[in-house]
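Biologist: Before we talk about any detail, could you show me the sequence and the structure?

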Amino acid sequence: MSDTPPKPGPLPAHVYARQRDWHGYFDALATLPPRDTLLRALSLRQGSPGHALDVGCGDGRDAAHLASLGWTVLALDSSEEGLRRLRDRLPECSGPRVRTQLATFDRMMLEPADLVCASFSLPFCEPAHFPSLWEAIATSLRPAGLFAGQLFGDRDDWATLPDRTHHSPGAARSLFRDFDILFWQEEDRASRVDPARHPKHWHVYHIVARKLA
Ligand SMILES: C[S@@+](CC[C@H](N)C(=O)[O-])C[C@H]1O[C@@H](n2cnc3c(N)ncnc32)[C@H](O)[C@@H]1O
């Protein structure tokens with residue numbers, strides 16, 4: 001019999017995200033496809049590929065998908081490791097379509113875009129910086145441009161963490177006063193991933209919206 005203790009299994013991704021352990025988070029989700037909100041936004045868009053921003057792109061599951069469809073992408077994140085993993089994902093043919101920017105939310109230099117993707121990233125913006133970040137996102141979107149992403153609600157377990165931004169349903173909706181909301185799903189439930197050992201209550205708004213022309 002070996003006295004080596006069994007290796008702990010991988011943790012649910014939310015355990016890493018709570019601690020901002022982005023390497024662990026990227027490892028946990030490495031093989032997953034683009035986010036549903038991005039796919040939904042793409043299905044609602046007509047015409048040829050345009051230019052997209054991926055704000056808080058992580059390891060680039062959304063940015064790489066956009067590039068594979070012919071979009072040009074500016075992918076922004078404060079994690080050097082995330083941007084490195086994004087570049088590693090890109091085949092030679094779509095690599096030139098993606099530029100990266102290593103920046104925190106308060107220093108991101110956004111530019112005009114037809115689509116802003118912000119999957120599960122904006123809640124990690126410190127509350128003091130959120131209003132200017134949101135203003136920059138809304139301004140960068142061209143008329144009829146699409147937003148696809150998530151905000152976290154005030155019933156989420158992490159709403160008490162001081163470095164996170166959470167919104168009541170009304171406050172979240174009011175951010176989109178200059179948009180047509182095309183898809184809005186409010187998730188308010190316990191995590192299904194290992195809830196006994198790693199409980200987490202999720203309160204998340206999944207959003208696709210079009211900036212008014
Ligand atoms: C939960 S991950 C989401 C990543 C990716 N969008 C996805 O859907 O998998 C949150 C991302 O936000 C980034 N992030 C967290 N705090 C940040 C900050 N202050 N400035 C810029 N990016 C930040 C992290 O590096 C991480 O890549």
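What follows is a conversation about the terms used for this structure and the values behind them.

Modeller: This is a predicted model, in which local features need pLDDT of at least 70 and side-chain atom pairs count only at pLDDT 80 or more, while totals for chains, interfaces and linings use all residues. Residues are numbered from 1 along each chain as its sequence is written, and side-chain values use heavy atoms, with hydrogens and water left out.

Biologist: How do you know that the structure holds zero disulfides?

Modeller: A disulfide is a pair of cysteine sulfur atoms within 2.5 Å. The sulfur of Cys 57 is 9.3 Å from the closest cysteine sulfur, in Cys 117, which is too far for a bond. Cys 117 is likewise in no disulfide.

Biologist: Why is Cys 57 called buried?

Modeller: Buried means under 20% relative accessible area, exposed over 50%, and partly exposed in between (1.4 Å probe, protein chains only). Cys 57 has 7% relative accessibility and therefore counts as buried, and Cys 117, with a relative accessible area of 0%, is buried as well.

Biologist: Why is Arg 20 called partly exposed, and why does Phe 120 count as buried?

Modeller: Arg 20 has 29% relative accessibility and so counts as partly exposed, whereas Phe 120, at 19%, counts as buried. Phi is near 55° in Arg 20 and also near 55° in Phe 120, a positive value in a residue other than glycine.

Biologist: What puts the buried residues of helix α6 on the same side?

Modeller: In α6 (residues 130-140), the residues Phe 130, Leu 133, Trp 134, Ile 137, Ala 138 and Ser 140 are buried. They cover an arc of only 165° around the axis, and therefore lie on the same side of α6; the arc is that of the directions from the helix axis to the C-beta atoms. Pro 131, Glu 135 and Thr 139 are exposed on the other side.

Key
Helices (H or I, at least four residues) and strands (E, at least two) are DSSP runs, numbered from the N terminus.
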